[in-house]
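Please look over the sequence and the structure below. The paragraphs that follow go from the overall fold to one pair of packed elements.

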Amino acid sequence: MKELALYAMEILKGRGVDYADIRITRYNYESFIVQDLSPKLVNVEETYGFGIRVLYDGAWGFASSSRVDKKEIEKIAERALDIAKSSSMARGDFRVKLASEPVHVDKYLTPIEIDPFSIPVEEKLNLLLKINETMLKVKEIVKAISRMQFRRREQIFASTEDSLIETIIYTSNASYTAFAVGNNDTQTRSFQDYPLNAGYEHIKKLGLIENAERIAEEARMKLYAEEPDEEVLDLVLDPAHLSLTIHESVGHPTELDRVLGYEANFAGRSFATPEKLGKFRYGSPLVNFIADNTLSGGLATTGYDDEGVECQKWYIVKEGILVGYSTTREVAPLIGEVRSRGSARADNFYSFPINRIPNLYLAPGNEKATPEELIQDVKRGIYIEGRGSYSIDQMRLNFQFGGDLFYRIENGKKTKMLKNVIYQSITPEFWNSLDGLTDERFWEPRGFLTCGKGEPIQSAQMTNGAPYARFRKIRTGRGRR
Ligand SMILES: [Zn+2]
């Protein structure tokens, strides 16, 4: 594999290219879904191939193949070069110039204790069956779905700048949902996705069986819960819930390609434009959003990104002020940055790397505080757990979020369960209303395996962690589930 990667670069060096790189990538996937007491999906899959990028006279060419041998490498290298030459003739005034990056010759492996692919499929299915069995014993639970996913990505990256990077990345995830019917209503409650770059030891630590009865009971309780009125209330949000709010209202708007208008598809633009950098108050002084692709277990913790840039840690928002973006080698120079933040990722060998959200998290508070202590200071509010539906506008400003579990807060205490709650706000107003955080003991690295972006659409994974946080005076109301 390594020799072929180096061979491809030898072919392209001395052909007048500005730059070229190759990724030879093998993915192994396992995906299981069990519905009630029978397996619904048992997918074991492997993809293997390579993609070559060529930058010629300021324009890109890209070609890929799933046949990995010398002859094919020659063919695809020539094709990528031809495409780059053609696009350079059509490029107009805009020239792609890449931010410089030191040469890296390195290896990176996700540290794991148990290789998830070494655990028999039967054992995984049995665990999922047992979860469903436990949930289905609870009254009014009519359906149970449980899921597990594992990925292993082995990749060789080589560039005409002489970088040579070998990586092996493992990702493990599990989740499940109980469906309840009764009292003229249907409700769900989930043990929500908790993916990490880790081995099967992560699955063992999740407490999947231990929580199954509680999750099912909560689904049932939602049938009998009250619906909220339209009201301006304080909110206390849990890390699983906040991961989505952060992803949509901070992660996507600070992807620099989107900010600059290169990525206008799928709720594409952003309000967080470069003239605001260093000045714009994104949130209250308690708000620190840290991008960290070196985060232990982080879904974007891969050692290097897909254009050979070393994973880094930096601030996106510091003490409430917008101070940074996620960038690639192509977009970083457009705002005068000398180095890429290493946020170029492709979802497979056949995809061109694009600007993706890094591991991006809300930092925990410096002062010791428990979730109960955040709630104690709320006279009238709602406590929300887990992710639900959402919508956000093109500029990533006006949004609406649901959730998975809701409780009324009255005079500093969690009281009655609610259902079908939504809240609405505007990104900077929302983060400026944050006035309380729990400390690091309650911080969780939640994240996403299927963040969609680009055309053709690509799927990426990243961690969006958070502590519990309190927000003042947010518009809440009744939503459809
Ligand atoms: Zn996304």
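How many helices and strands does the protein chain have? In this predicted model, the count is nine helices and 24 strands.

The overall dimensions come next. The C-alpha trace of the protein chain spans about 70 × 55 × 35 Å along its principal axes. A compact globule of 481 residues would have a radius of gyration near 23 Å, and the 24 Å of the protein chain therefore agrees with that expectation. Of the 481 residues in the protein chain, 50% are buried. Counting contacts with a separation of 6 or more, 75% are between residues 24 or more positions apart.

Helix 3 covers residues 121-136 and helix 5 covers residues 208-223. Their axes lie 8 Å apart, and the two helices pack at an angle of about 30 degrees. Angles under 35 degrees count as roughly parallel, so helix 3 and helix 5 are roughly parallel to each other. The crossing of helix 3 past helix 5 is right-handed.

Which residues make this contact? Helix 3 contributes Leu-127, Lys-130, Ile-131, Thr-134 and Met-135. From helix 5 come Leu-208, Ile-209, Ala-212, Glu-213, Ile-215 and Ala-216. Sorted by class, the contact of helix 3 with helix 5 has eight nonpolar residues, one polar residue and two charged residues.

Technical notes
Residues are numbered from 1 along each chain as its sequence is written. This is a predicted model: local features need pLDDT of at least 70, side-chain atom pairs count only at pLDDT 80 or more; totals for chains, interfaces and linings use all residues. Helices (H or I, at least four residues) and strands (E, at least two) are DSSP runs, numbered from the N terminus. The radius of gyration is taken over C-alpha atoms; the globule rule is 2.2 Å times the number of residues to the power 0.38. A residue is buried if 20 or more other C-beta atoms lie within 10 Å of its own, exposed if 12 or fewer, and partly exposed in between; C-beta atoms are placed from the backbone. Two residues are in contact if their C-beta atoms, placed from the backbone, lie within 7 Å. Axes are lines fitted to C-alpha atoms, for helices over the stretch in contact, and angles run from 0 to 180 degrees between N-to-C directions. Angles under 35 degrees count as roughly parallel, over 145 as roughly antiparallel, 65 to 115 as roughly perpendicular and the rest as oblique. A crossing is left-handed if the near helix is turned anticlockwise from the far one by less than a right angle, and right-handed if clockwise. Ala, Val, Leu, Ile, Met, Phe, Trp, Tyr, Cys and Pro count as nonpolar, Asp, Glu, Lys and Arg as charged, and the others, Gly among them, as polar.
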